[in-house]
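User: I have a model open and a few things to check. Can we go through it together?
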Amino acid sequence: MRNIAAFIVGSLFGAGLLISGMTDTEKVQGWLDIFGDWDPTLAFVMGGAIIPMAIAWRFTQGRIPALGGQFPTQPDPSIGRKLIIGSVMFGAGWGLVGLCPGPALASISFGGIGGFVFLLAMLAGMFIAPPIREKLDRI
Amino acid sequence: MNQDWLMGLIGGGIIGTAAAIFLLINGKVMGASGLTGGLVDRSGIDTWKERVSWLAGLIIFPAILTVIYGIKPTNITTNIPLIIVAGLLVGVGTRLANGCTSGHGVCGISRLSLRGIASTVFYIGAGGVTMIIFKHILGII
């Protein structure tokens, strides 16, 4: 049951990314390019996505997930260097090519060789991240 | 072109609905980098079936949609070295930050998580600065 739900959720996520235009790197780079021909689409996508999620978070109060277990707790609110360094690295890569993890996966069937290389590089980055994280923890 | 914002809003609503279902049914945060990264570094191997099912939907359903409705070009650059650098930065960065646009952006901001908001400010800021340097100053992208 969990897996069927996860498959449907992944499918919806992919459809949403495709419909919203977020698999188009030019739209994403257009949003980040405030000194160029600025494209506000991404703000509408974020706004549209945050509204149902904000309602869902409210609904979790005093309840448990439909398939059992516990809802995720509010994480430690501290903003450490891993969060800042990681976010800046991610943002730089996102700007350079215009793909983030969700759209990179959703567009793999039609993104051509470039999309495929990006996904491989991203997975390689995820693979080498844990030792880098440990190094940052020790500093 | 004029309808882009509307398609963005509708598509965004579908993305948020997907994340809401994952939260309310499965009890999990739908973050693309976390769900994928947990498989890559094996930290989330206990829940691999759920993760692989989610990935299968995310990859297969858009493929079906493009077969039916035609391909929406990704317009990705042809500069392969640039793609490799960007992919590595996104992979390492999202795992260090513990989230990306879906996890920190959609799921974090919607619960007013300080980390989610901070991360989003930093990655959008870094993306904007990257555009200024690499597009307007260096002319690489």
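User: How many disulfides are there over all chains?
Analyst: Zero, from a search of the whole structure; a disulfide here is a pair of cysteine sulfur atoms within 2.5 Å. This is a predicted model, in which local features need pLDDT of at least 70 and side-chain atom pairs count only at pLDDT 80 or more, while totals for chains, interfaces and linings use all residues. Residues are numbered from 1 along each chain as its sequence is written, chains are lettered from A and ligands numbered from 1 in the order in which they are written, and side-chain values use heavy atoms, with hydrogens and water left out.

User: Is A:Cys100 buried or exposed?
Analyst: A:Cys100 is buried, at 8% relative accessibility. Buried means under 20% relative accessible area, exposed over 50%, and partly exposed in between, with a 1.4 Å probe and protein chains only. B:Cys100 is buried as well, at 1%.

User: Next, A:Gln29. Where is it?
Analyst: A:Gln29 sits in helix 2 of chain A, residues 25-32. Helices are DSSP runs of H or I with at least four residues, strands are runs of E with at least two, and both are numbered from the N terminus.

User: And which residues does A:Gln29 touch?
Analyst: Leaving out residues up to four places away in sequence, A:Gln29 touches A:Gly95, A:Leu96, A:Val97, A:Gly98, B:Met131 and B:Ile141. Contact means heavy atoms within 4.5 Å. A:Gln29 counts as buried, with 16% relative accessibility.

User: Last one: what is the secondary structure of chain B?
Analyst: Chain B has six helices and zero strands, in the order α-α-α-α-α-α along the sequence. The C-alpha trace of chain B spans about 45 × 40 × 30 Å along its principal axes.

User: How much of chain B is buried?
Analyst: Of its 141 residues, 50% count as buried.
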